[in-house]
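The sequence and structure are placed first for reference.

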Amino acid sequence: MLTIWGRNNSNNVKKVLWCAEEIGLAYESIPAGGSFGLTADPAYRAMNPNGLVPTIRDGDFVLWESNAIVRYLAGRYAPGVLSPEDPQARASADRWMDFTTSSVAAPFRDLFWGMVRTAPDKRDLAAIEAGRAKFATLLAIADRTLAEQPFLSGDSFGMGDIPLGCFTYAWFEMPIERPDLPHLATWYERLKQRPAYQKTVMIGLS
């Protein structure tokens, strides 16, 4: 059976849980990281020397790094469904996954940590606004793509939608000013109809 280590309020862990639920995989979820600890334990560090979450074990195979895990699960258990078989379509999906990690994650972190995980009297409002503005600019890139296709992955939902889909939940649920990005909003409504998204991503902000 697949084992997933990580706390379920981590966006990186949500990616993996959401992917597993979309596929219908049986898995054991072990809380780790943050208040749950475990990540500094020698046994965990032997699996993941970074001491971060998530980590998975699938049989004898151990893997860390959330995007790599999503690609692995999609490719092994949902080829042609979550992982496109066409190399160009797969590369396009990969692009959106990596765009989220390389470009979106940093401003999102400034916004989310400032708004959700920092007491109001300790917030750095300038940093929060800078993160919000940059995040909005990056989401506009996705909005332009979604004007031409229903999902970031193409004509159907796939692995390319998962990383940004996790961040987008918080974007629409935080009490912040948001520019009008109608195609992104329609995509988000599509995601909200998916039971796996409801179960693993739409769990409140914390």
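1. Threonine 39 is buried, at a relative accessible area of 14%; buried means under 20% relative accessible area, exposed over 50%, and partly exposed in between (1.4 Å probe, protein chains only). The residue lies in the loop between β2 (27–30) and α2 (42–47). Helices (H or I, at least four residues) and strands (E, at least two) are DSSP runs, numbered from the N terminus. Apart from neighbours within four places in sequence, threonine 39 is in contact with Ala32, Gly33, Tyr44, Arg45, Gly51 and Val53, where contact means heavy atoms within 4.5 Å. Threonine 39 and proline 49 are ten residues apart in sequence, and their C-alpha atoms are 9.2 Å apart in space.

2. On provenance, this is a predicted model, in which local features need pLDDT of at least 70 and side-chain atom pairs count only at pLDDT 80 or more, while totals for chains, interfaces and linings use all residues. Residues are numbered from 1 along each chain as its sequence is written, and side-chain values use heavy atoms, with hydrogens and water left out.

3. The protein chain contains eight helices and four strands, arranged along the sequence as β-α-β-α-β-β-α-α-α-α-α-α. Its radius of gyration is 17 Å, close to the 17 Å that the globule rule gives for 206 residues, so the chain is as compact as a globular protein of that length. The radius is taken over C-alpha atoms, and the globule rule is 2.2 Å times the number of residues to the power 0.38. The C-alpha trace spans about 45 × 45 × 25 Å along its principal axes.

4. Of the 206 residues of the protein chain, 46% count as buried. The accessible surface comes to about 9,900 Å², of which 51% belongs to carbon and sulfur atoms; areas come from the Shrake-Rupley method with a 1.4 Å probe, and for residues only the protein chains shown count as cover. Among contacts with a separation of 6 or more, 66% join residues 24 or more positions apart.

5. Which residues touch the most other members of the largest nonpolar core? They are Trp18, Ile56 and Leu73, in a core of 62 residues. Helix α4 (residues 87–115) supplies the largest share of this core, ten residues. A nonpolar core is a set of buried Ala, Val, Leu, Ile, Met, Phe, Trp, Tyr and Cys residues joined through side-chain atoms within 4.5 Å. Leucine 73 touches Leu2, Val16, Cys19, Ile23, Leu25, Ile56 and Ala78, not counting residues up to four places away in sequence.

6. The 13 residues of α1 should span 18 Å at 1.5 Å a residue, and its end C-alpha atoms are 18 Å apart, which agrees; the expected span is 1.5 Å times one less than the number of residues. The buried residues of α1 include Trp18, Cys19 and Ala20. Alanine 20 has a relative accessibility of 0% and touches Leu2, Ile4, Leu25 and Tyr27, leaving out residues up to four places away in sequence. Its C-alpha atom is separated by 10.0 Å from that of isoleucine 69, 49 residues apart along the chain. Glycine 24, with a positive phi near 85°, follows α1.

7. Helix α3 has twelve residues and reaches 16 Å from its first C-alpha to its last, close to the 16 Å expected. Its buried residues are Ser66, Asn67, Ile69, Val70, Tyr72, Leu73 and Ala74. The cover over these buried residues includes β1 (2–5), α1, β3, β4 (61–64), α4 and α6.

8. Aspartate 58, in strand β3 (residues 55–58), is buried, with a relative accessible area of 10%. Its side chain makes a polar contact with the side chain of arginine 76 at 2.9 Å. A polar contact is a pair of N or O atoms within 3.5 Å; within protein, one must be able to donate a hydrogen and the other to accept it, and residues adjacent in sequence count only if both atoms are side-chain atoms.

9. Helix α6 (residues 162–173) reaches 17 Å from its first C-alpha to its last, close to the 16 Å expected. The helix is mostly covered, with ten of its twelve residues buried, among them Phe167, Tyr169 and Trp171. The buried residues of α6 pack against α1 (11–23), α3 (66–77), α4, α5 (125–146), α7 (182–192) and α8 (195–200).
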